[in-house]
Amino acid sequence: MDVMRRSNWNASEFDIPAWYNAAVVCDSQVSYTSLTNQTATHSAYMCGMVIQQRRTAQEVVNMMLRGFNAQLLYNSETGLLEILVRQSVADQQPSPITGSNYNTAVGSIHADGTSGNGYWGYLFDETTIYRPANDGPPVFRVYSLPNVQRPNAVSVVFQDADNSYVQDSLKILDDQAMALLGGPNGTQIENDEQLQQIGITNFDQAVRVANVYMAEQNYGNPYSQPRGTIYVEFETTVRGEHLKSGMIFGLNLQNPSISMQGFRIMSISPTSDYERVRIAASWHNDIWYTWAFGQAPAPFYGQMNQGIP
């Protein structure tokens with residue numbers, strides 16, 4: 001918020017409770033192993049940076065958001081700007097959501113690894129996905145990105161607060177994903193991507209953020225392998241009026257076979273008067289958003305229909 005205030009945003013344009021809630025998530029205490037091999041605790045997400053060359057405010061804000069698994073969105077009722085830290089269903093949506101057609105609690109997990117329940121923003125199936133007037137097939141697309149368009153290695157460069165703020169770096173490698181890219185002869189091919197972030201100040205946060213980023217790209221599928229995250233695009237009607245980017249909903253379809261699986265909204269595009277709403281979403285797995293997963297991601301995946309292993 002401070003960066004945006006310096007970019008001519010007014011305090012009256014922010015949804016303050018949403019920003020406060022995000023700050024509470026970031027200040028959650030996480031146990032980690034320090035550089036001296038001692039067990040300690042610190043805030044889950046911290047941000048520290050110096051801008052040494054001219055950048056646009058948009059670029060700076062987007063890179064900061066990447067450093068703590070967050071995104072910006074507008075409150076559809078007030079028009080105020082919100083911030084959302086991506087979490088499990090139990091932590092992000094702990095109570096029934098107004099406008100949802102499915103108010104049954106969904107088994108989930110909290111960031112600290114304890115069991116919990118959450119609620120989907122909606123449960124979509126063949127009856128709630130838009131069909132043309134002639135009763136044709138639903139307007140629905142499912143796809144994933146090819147191996148060459150997804151990273152199997154992620155590098156992070158940061159200023160290390162635990163080591164006098166010297167410039168440090170780390171690289172997270174996924175051997176299984178590199179083997180899939182290499183082909184049947186057993187060769188491993190590395191497809192490295194440098195995480196476009198600023199603000200990360202310690203190894204623990206860098207490891208957690210990089211592992212979540214890798215999982216969101218590669219492991220959102222029912223195969224327990226880095227075959228690529230499954231994305232869906234479909235249209236619905238005014239049923240989607242209450243939904244917003246970042247929210248988690250359920251999908252239950254016969255063709256393709258997707259049974260009671262959570263998806264996270266990436267974008268939502270309504271027509272005038274919400275006559276139709278186009279939703280783009282990605283496969284969601286609660287376990288990615290636990291502190292322990294980020295520190296030691298084994299396995300990267302969970303069982304389909306559950307959201308937890």
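1. A cavity here is a set of grid points where a 1.4 Å probe fits but cannot get out, and its volume is the space filled by probe spheres set on those points. The model is a predicted one. By this search, the whole structure holds three cavities of 30 Å³ or more.

2. The second largest cavity has a volume of about 40 Å³. Its lining consists of N147, R150, P151, N152, A177, L181, N218 and P226. By class, four of these residues are nonpolar, three polar and one charged.

3. The largest cavity contains about 100 Å³ of space. Fifteen residues line the largest cavity, and Y45, N69, Y289, T290 and W291 are the closest to its centre. At least two lining residues come from each of α6 and α7 (291–295). The lining of the largest cavity comprises eight nonpolar, four polar and three charged residues.

4. The largest nonpolar core has 31 residues, and Y45, F68, I83, V85, V154, V156 and L170 have the most contacts inside it. Two or more core residues are given by each of α2 (16–26), α3 (57–66), β4 (81–85), β9 (153–160), β10 (166–173) and α6 (203–218). The biggest contribution is that of α6, with six residues.

5. Y45 belongs to this core and is also among the residues closest to the centre of the largest cavity. Beyond its neighbours within four places in sequence, V85 is in contact with A22, V25, C26, Y45, F68, N69, A70 and Q92.

6. A second, separate core has 19 residues, including Y122, V232, F234 and I258.

Notes. Residues numbered from 1 in each chain as written. Predicted model: local features only at pLDDT ≥ 70, side-chain atom pairs only at ≥ 80, totals over all residues. Heavy atoms only, no water. Core = buried A, V, L, I, M, F, W, Y, C linked by side-chain atoms within 4.5 Å. Buried < 20%, exposed > 50% of the residue type's maximum accessible area, 1.4 Å probe, protein only. Helix = DSSP H or I, 4+ residues; strand = E, 2+ residues; numbered from the N terminus. Contact = heavy atoms within 4.5 Å. 1 Å grid on protein atoms, 1.4 Å probe; cavity = no way out; pocket = protein on both sides within 12 Å on 5 of 7 lines; lining within 4 Å. Nonpolar A, V, L, I, M, F, W, Y, C, P; charged D, E, K, R; others polar.
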